[in-house]
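These are my notes from going through one model, entry by entry.

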Amino acid sequence: MQPTKFIWFDGKLVPWNEAQVHVLTHSLHYGSAVFEGIRAYQCSDGSSAVFRLEDHAKRLINSGKILRMQIPYTADEIAKGVLDLLKANGMRDAYIRPLSFVGYGEMGVYPGNNPVQTIIAAWSWGAYLGAEALEKGIRVCTSSFARSHVNTSMSKAKAAGNYINSILAKIEAKENGFDEAVMLDTNGFVSEATGENIFIVRDGKIKTTPWTSILGGITRDSVMQLARDLGYTVEEQQFTRDEFYIADEAFFSGTAAELTPIRQLDNRTIGEGHAGPVTKHLQQEFFKIVKGENKKYASWLAPYSL
Ligand SMILES: *Cc1c(COP(=O)(O)O)cnc(C)c1O
């Protein structure tokens, strides 16, 4: 990873190498942290904009609320911190990672009065699953690890601890030669990937899994709104892995993965085996929006200049 100049740490911009914590930080031992992944894109007119910044900042606060972590900042303050950081780092595009964690103090599961600390880091991150993946699509497998039951971990919190489940699935998928894992919920229905939501297209209709055992992706929400605006039918509905096998098209959505087509699930080729027309259409329109080329969605952008 290429360091950038500063990391925002509890309201101050500190040099990258000085943004450090004690090894007895509560979150390091117990996974008690919540985070965000946000992207800023350089726009076609030379300016830059953060995509859905306010929504990401609000979700961070809500993730904290779910875990009973009192983040001592408002969503507006987090959003301002993101913009201050990008400007200080001179970044025209970036992947941005806010993280709130339980700091050093008492040990033991109960977080007690340990401080809740917040950092925001930003770095350059290209296509998460590879530039080629955005075009050609990826090969995925059904994971042997189930997504947690809705009363096991709180999936609507973007929480560090939830990622143990994701890491297990991701390692298994990679070691078996796949790019990513599709995880089923505890009832056996398709849930989400390790850090992406899932869409399938069949007979022109778009389906995504309901907001039950999944993280409510902001990209997922953007894709649903965009697709409906473009005249597609979009349903939030449970589906099984075999319905996925016979889909015409499928793709993942996520801030890191953007819209990544899926060309195979469990060695079954999906549709034509490359990005289908609906996926391509949504992908193109999505990239226009994030680059400020579609004024209709200007409210999704937080512009800034260096
Ligand atoms: C972050 C994340 C997503 C994608 O959410 P976006 O807001 O679109 O980035 C999907 N699933 C999980 C488990 C995630 O952590």
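Entry 1. The model is predicted.

**Entry 2. The partner of E243.** I looked up what E243 pairs with and found a salt bridge to K207, with the closest N and O atoms 2.7 Å apart. This pair links distant parts of the chain, as K207 is in strand β12 (residues 205–208) and E243 in helix α7 (residues 241–245), 36 residues apart. K207 has a relative accessible area of 14%, so K207 is buried.

**Entry 3. Salt bridges in total.** How many salt bridges does a search of the whole structure find? The search returns 14. I note the background here: side chains of opposite charge can pair when their charged atoms come close.

**Entry 4. R39 and E258.** I went on to the salt bridge of R39 with E258, where the closest N and O atoms are 3.7 Å apart. R39 belongs to strand β4 (residues 38–42) and E258 to strand β15 (residues 258–265), so the pair ties together parts that are 219 residues apart in sequence. Are the two residues buried or exposed? R39 is buried, at 6% relative accessibility. E258 is buried, with a relative accessible area of 5%.

**Entry 5. E236 and R220.** Another salt bridge joins E236 to R220, with 2.7 Å between the closest N and O atoms. Here strand β13 (residues 234–236) holds E236 and helix α6 holds R220, and the pair links distant parts of the chain, 16 residues apart. I checked both ends for accessibility. E236 is partly exposed because its relative accessible area is 40%, whereas R220 is buried at 5%.

**Entry 6. R52.** I found R52 in a network of salt bridges with D55 and D221. R52 sits in the loop between β5 (48–51) and α2. Its relative accessibility is 8%, so R52 counts as buried. I also looked at the backbone: phi of R52 is positive, about 50°, although R52 is not a glycine. I keep the general rule next to this: most residues other than glycine have a negative phi.

**Entry 7. R68.** A positive phi turns up at R68 too, with a value near 60° in a residue other than glycine. R68 lies in the loop between α2 and α3 (75–89). I put R68 in the exposed class because its relative accessible area is 75%.

**Entry 8. Ligand shell.** Which residues are closest to the ligand? I counted 16 residues around the ligand, and the closest are K158, Y163, E192, T219 and T255. Helices α2 (53–66) and α6 (218–229) each supply at least two residues of this shell.

**Entry 9. Polar distances to the ligand.**
- For Y163, an N or O atom of the side chain is 2.4 Å from a ligand oxygen.
- For K158, a polar side-chain atom is 2.6 Å from a ligand oxygen.
- For I218, a polar backbone atom is 2.7 Å from a ligand oxygen.

On its own the ligand has 380 Å² of accessible area, and the protein covers 96% of this area.

**Entry 10. Nonpolar surface patch.** I then looked at the surface and found a nonpolar patch formed by V23, L24, L28, Y30, Y104, M107 and V109. Together these residues have about 710 Å² of accessible area. I took V109 as one of the patch residues to check. V109 is placed in the loop between β6 (94–102) and β7 (116–123). Its relative accessibility is 67%, so V109 counts as exposed.

**Entry 11. S153.** Where is S153 found? I located S153 in the loop between β8 (138–142) and α5 (163–175). Leaving aside residues up to four places away in sequence, S153 touches S148 and N162. With S148 there is a polar contact between the two side chains, at 3.0 Å.

Note on methods:
Residues numbered from 1 in each chain as written. Predicted model: local features only at pLDDT ≥ 70, side-chain atom pairs only at ≥ 80, totals over all residues. Heavy atoms only, no water. Helix = DSSP H or I, 4+ residues; strand = E, 2+ residues; numbered from the N terminus. Polar contact = N/O pair within 3.5 Å; in protein donor to acceptor, adjacent residues only side chain to side chain. Contact = heavy atoms within 4.5 Å. Patch = residues over 30% accessible without salt bridge, like charges linked within 9 Å, V, L, I, M, F, W, Y side chains within 5 Å. Areas by Shrake-Rupley, 256 points an atom, 1.4 Å probe, with all protein chains shown as cover. Salt bridge = Lys/Arg side-chain N within 4 Å of Asp/Glu carboxyl O. Buried < 20%, exposed > 50% of the residue type's maximum accessible area, 1.4 Å probe, protein only. Near = heavy atom within 4 Å.
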